[in-house]
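Reader: Please take one part of this model and go through it closely. Then carry on to the side chains, with the cut-offs for each term.

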Amino acid sequence: MARLASPVRKRDRMSEAALAPAPVQDLPAARLVDLVDEISSGLDEPTWLRDWRHAALRRALDTPWPSGKEEEWRRTPPERLPRRAESALPPSSNGAAPTHLFAPRDRAALLHHVGGRAVNAALRSDLEAGGLLLAPLSQAAREHPALVQRWLGSTHAPAFDRYGALGAALWTQGMFCYVPAGLQVDHSVFHLTSQPADGSDLWAYTLVAAERESAVSVIEAAAGPADDLRDDGRAPFVHHTVELAAEDAANIQFATVQRWSQDTAALTTAVAAIGRDAQLRYNSVSIGADLDKQRIDLELAQPGGHADLHGVFAGRGHQHIEHITRQHHSGLNASSELLVRGVLTDESHAVQYGVIRIDPGGQKTSAFQTMRNLLLDAGAGADPIPILEIEADDVKCSHAAAVGPVSADQLFYLQSRGIPPAIAERMVVRGFLAEVVDEIADQHLREVIDELIEAQLQIPHTVVSE
Amino acid sequence: MTAPLFAIDALRVAVDDIQIVKDLSLTLQPGEVHAIMGPNGSGKSTLANTLMGHPRYTVNGGDIRLKGQSLLELPPDERARAGLFLAFQYPTDVPGVSMINFLRRAMSARRGEEIPVREFRQTLNQVLGELQIDEQFVRRYVNDGFSGGEKKRAEILQLGLLQPEVAIMDETDSGLDIDALRIVSEGINAFHSEGNAILLITHYQRILHYVQPDHVHVLIDGAIVESGDAGLAERLEKDGYEPFQTLNQERSRQKGLVTA
């Protein structure tokens, strides 16, 4: 494994003033401009990247916060998702031990951020020689400016809405993975994030670009402590921008697993652009956080592309988990599949608002949606909402949505073979999530996910009988 | 006198306040094969599921005893571990749970301790071979996407692995072509021994050409109206259920007059 150059430099440039908590929700515009400068210079970024951030900030300031009346927002409890930009503080280290989900074994490359700072970066030498890149985004911008300029902001993620624009302006933890044309990466690329242990906010930016006929599996795993981070009632906020670009005939398998602290409010703004005959699979595993809202857009603008968006979640307590998705077809003969499966206990609640949008140019599209919610407690609930907006006449679309308890027949079948109810329930719940969890391209991580989900749901839970 | 292996004693079963099984009694001794034959709606599947303890069915009279021990208060998993088995008419699919994981769990539960991997493998391969089931089969999810014949074979596979003392076979012959019926029947015969008993529940007599019953009972409207040897099945094949249904209606009418 070859070591990358020191990932983050000149941290001493960060001003102490920026570390002080701001009392107001929104800093004055002038203060935000200074903040962008501080972040950019603290990460030793080239001028063009600082300018790019400023442009994003101007967009953000010109865009109102969501009113809460939009379809994509009206099911989100507003008091639980902070509207603040001041929290984009420079990375801080308070010496607390970082939380890991797991340590990858077989890997092509590894990047680890702790509290927003890159602490470890490694890349297998043969893949490095083959042109694979995995680096903190600021460092990549310095060392490979042409590449980063080509891909950064190539999707509409930085223009998604005010949060998306702020995410582009204010990120402090950046990840860039680049796969040159034709390179088939044999093992997964890992990006690990340990949540700031002092409970400060985190603005993260993930950029994955796979050139034509390349293939890569990228796994992001983010962890905070299993309980709360803060005791002052202020939710730690995480904003995660994800840009995925698969060029013609490229193949990206992207998996993101989060177990943020139980008091975290997490918002994801993700856009995947799928090229001609390209394939992309986006797996999302949500376990932690008080509120986890993921907005994921699949852009199928080229002929023959295929995208899968497969999410699972495990909710407990008062957790609120949202998947706001859009399968946007404007290219000919492309296909996409949304599959969200979740298990909910206590009084947790889930929302799936999934739009299939087919433009007039999207003839011969196949697009499917499945949303399935398993409720283990009477107080838990889910709203699966499939939306079809179709302007082409030669397409295949379907959607299925379900909310319900564990099947009494399944439990009876397993029990009829001598399996005790608690184990039977565990098997049914594990099986329910298996279709998505088993797609994660790392056995060790799958086992970790199983354990985390069982702990999260306190399986065996109360067995639901008729 | 020791208790019979399995006894159903004046059993009454209701579903949603409708009485389905009415004072049904039956005794199985070790080594015996009994067949319960009845037309659609006679209560065959209700009886099978009740014996195994499905929560949907309410027992409102009588008893079910395995080796003298009442099963009524036992949940399904304890009945299974005590030695009872139900081959389902419509086995439930459990997506995401592999057959091999399921079978190992079930075998471990039946014997009361974790079965060693090596022993599990050997036993599994042996029974798979007997039933002419490909090894890849156990990599699939439980009953998920199985054809009708595959589901029934999977039930017989479980029968062979779990070695229950009493096996209830609910319409195991339905939906099978002639070759599958032969293989499934051979599986039942291979399982059968002097130490266990089998209760075949069926609409048609054709499986009885392969699995010879010692006793045949005719189930009409939730009650056994006639019992006999294998010859009774042949009579059913010739005459159908109608003579028994007529007989039953006659009896009910008489009963009604008595109670009126």
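Author: H7(A) passes H8(A) in a right-handed crossing, meaning that the near helix is turned clockwise from the far one by less than a right angle. This is a predicted model, in which local features need pLDDT of at least 70 and side-chain atom pairs pLDDT 80 or more, while totals for chains, interfaces and linings use all residues. Residues are numbered from 1 along each chain as its sequence is written, chains are lettered from A and ligands numbered from 1 in the order in which they are written, and side-chain values use heavy atoms, without hydrogens and water.

Helix H7 of chain A covers residues 408–415 and helix H8 of chain A residues 421–437; helices (H or I, at least four residues) and strands (E, at least two) are DSSP runs numbered from the N terminus. Their axes come within 9 Å and cross at roughly 125°, with lines fitted to C-alpha atoms over the stretch in contact and angles from 0 to 180 degrees between N-to-C directions. H7(A) is therefore oblique to H8(A) (under 35 degrees is roughly parallel, over 145 roughly antiparallel, 65 to 115 roughly perpendicular, the rest oblique). From H7(A), A:Gln410, A:Leu411, A:Leu414 and A:Gln415 meet A:Pro421, A:Ala424, A:Glu425, A:Met427 and A:Val428 of H8(A), contact being heavy atoms within 4.5 Å. A:Tyr413 has the charged end of A:Arg417 over its ring, 5.0 Å from the centre (NZ of Lys or CZ of Arg within 6 Å of the ring centre and within 35 degrees of the ring normal). A:Arg53 likewise lies over the face of A:Trp171, at 3.8 Å from the ring centre.

Over all chains there are 13 aromatic pairs (Phe, Tyr or six-membered Trp rings with centres within 6.5 Å; planes under 30 degrees apart are stacked, over 60 edge-to-face, the rest tilted). One of them is the tilted pair of A:Tyr163 and A:Phe237, 6.2 Å centre to centre with 50° between the planes. A:Tyr163 belongs to helix H6 and A:Phe237 to strand E9, so this pair ties together parts 74 residues apart in sequence. A:Tyr163 is buried at 1% relative accessibility (buried is under 20%, exposed over 50%, partly exposed in between; 1.4 Å probe, protein chains only), and A:Phe237 is buried at 0%. A:Phe237 also pairs edge-to-face with A:Trp203, at 5.5 Å and 80°. A:Trp203 is in strand E7, 34 residues from A:Phe237, and is buried too.

A:Asp161 is buried, at 15%.
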